[in-house]
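Hi,

Here is the model I promised to pass on.

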2 protein chains.
Amino acid sequence: MTTFDVLTIGNAIVDIIARCDDAFLSSNGIIKSAMNLIDAERAELLYSRMGPAVEASGGSAGNTAAGVASLGGRAAYFGKVSNDQLGAIFDHDIKAQGVHFATRPLDGVPPTARSMIFVTPDGERSMNTYLGACVELGPEDVEPDVVAAAKVTYFEGYLWDPPRAKDAIRDAARIAHANGREVAMTLSDSFCVHRYREEFLDLMRSGTVDIVFANRSELLALYETEDFEAALGRIAGDCRLAAVTMSEDGSIVVRGADRVPVDAIPVARVVDTTGAGDLYAAGFLFGYTSGRSLADCGRLGSLAAGIVIEQIGPRPMQSLKDAARAAGLL
Amino acid sequence: MTTFDVLTIGNAIVDIIARCDDAFLSSNGIIKSAMNLIDAERAELLYSRMGPAVEASGGSAGNTAAGVASLGGRAAYFGKVSNDQLGAIFDHDIKAQGVHFATRPLDGVPPTARSMIFVTPDGERSMNTYLGACVELGPEDVEPDVVAAAKVTYFEGYLWDPPRAKDAIRDAARIAHANGREVAMTLSDSFCVHRYREEFLDLMRSGTVDIVFANRSELLALYETEDFEAALGRIAGDCRLAAVTMSEDGSIVVRGADRVPVDAIPVARVVDTTGAGDLYAAGFLFGYTSGRSLADCGRLGSLAAGIVIEQIGPRPMQSLKDAARAAGLL
């Protein structure tokens, strides 16, 4: 059995990406910078109003797995697509990146999930996700030998939206811990935190999750506070390790009383922030599972995030391994 | 009935785009910079060897229609997709650009055409096209009122590959001329010219086609010569108007004894040449149908081509109208 550095589990989504102005967001009731969940009918409506677009495989945890593999790590992914053209695209892209992916697809209904991502002139992305086939991800999709073989199993908070994925996560976490492995999660989105705050806190406090990734607004939402320092103190008590991203202000890694500040990398122009948090997690977890210092884990995260926001689309089109070498991080 | 500036007719294709090195092309028998026609079996094989990709609506004449619309022109398109997810993407993108598109789709078999486009570090694109639904385009897809209402009907030489599209073209040309309109074509690809040289020459000499677009290698292939000047002289005798592109050397517009040289625009970096010829034709035809001088038609072509090669994907992601205004061409 291969050993994996990182297994990620998430909603398997193909992104449909177009530019728009801020007025489009407000006139269509889209919450800026958030992940807006939509049904099939609203998906039709928004697509009819969307400008010409491009498509790319996405999904938060899928992007993270692709990032780990691009850095040279051994990655695996669980996520549910359907047996349709978008599913074939998702399947191709993650495997072509070298990620183990064998989740059984649905037979076409519901179709593969897609997220319509509107990118405003400031580079911010506002997502509108139709979950499609993702609603069928369940415990039967957990490959126990892959979980057992992965140093870290990482999942999205977004998985609390579909009905049965949370059961898969609890099973996977149990298998991981029984094999001496670690479990990580991302809080995903501040609105997602509002929907599932108590459950996320319980995952941390029960020891189901060891490592937590969050951005500033997600962390504040988790503890229902505006006091960032206080929130950092509280998450230090609720999980063993946390990495909190702060956009251009870099990130801070929190372990007990230790706090490791990490700079962001200089970015020529923010083209599209899609995937920034996912790629930060990829860099961090690649560093973590290869035994690097927390500061270097954070630097690898900053590098990967900085690269993905300089392009359109959620997965870097260049080799992160080459970029990390050029930056002296590998 | 709306008047259209330009109607384009072509193979309706979704592009699947990935980077590769030159060794990949040679080891997979892909002719560099060409359009390689492939069957379903080879499409499977090449896709299994392709790296992670992104998708975008393409098709030569589809790109041209999108370019005309992006410049503010009134454009229409005939092309055959299937009723599947890639077909829905193609349909969305061209309509979202404001192009009239109403060709009846197939019921899923064969599927919508796709072209696997490999982009080498020099920015050159090598295409591998599975024609899928395009093989069913035929005379029944010609909308006579749209042809009659279009100042120029433009089609791809590529349409000689599927079996019945050429019949549609002959019908459309007849309707166009009966209504006092003009007909234009692109020679598409030097290998395509080798396949259909006599038919292409007959289209020109019979007066079926009034205006011809070609690049240097296509023009040389047409007349089976290495003498560019001689070839320019010959095409001047075979059609009323020709525009011949020469990459970074710009283009030359030929009408009888008149030759109008046009500069290329400065390009910061050639990212992906996909769509360069298509967008040159878009700029030229937009200028032509709005009564501009041949020099300005060529300049509009250079501008649109220069913009599309600075990005990944075959259709400009920015407004060409804004770019042309900024360049003082509108």
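Below is what I found, starting with the contact between the chains.

A bit of housekeeping: residues are numbered from 1 along each chain as its sequence is written, and chains are lettered from A, with ligands numbered from 1, in the order in which they are written. This is a predicted model, where local features need pLDDT of at least 70, side-chain atom pairs count only at pLDDT 80 or more, and totals for chains, interfaces and linings use all residues.

Between the chains, 21 residues of chain A are in contact with 21 residues of chain B (C-beta atoms, placed from the backbone, within 7 Å). On the chain A side, strand S4 (54–57) and helix H4 (85–96) each give two or more residues, and H4(A) gives the most, with six. S4(A) runs antiparallel to S4(B) (residues 54–57), joined by three bridges; Ala56(A) has Val54(B) as its bridge partner.

Within chain B, helix H3 (60–70) packs on helix H10 (276–289) at about 40°, with the axes 8 Å apart. Axes are lines fitted to C-alpha atoms, over the stretch in contact for helices, and angles run from 0 to 180 degrees between N-to-C directions.

Finally, Glu224(A) sits in the loop between H8 (216–222) and H9 (228–238) of chain A. Its C-alpha is 29 Å from that of Ala172(A), 52 residues away in sequence.

Cheers

Note on methods: Two residues are in contact if their C-beta atoms, placed from the backbone, lie within 7 Å. Helices (H or I, at least four residues) and strands (E, at least two) are DSSP runs, numbered from the N terminus. Two strands pair if DSSP finds at least two bridges between them.
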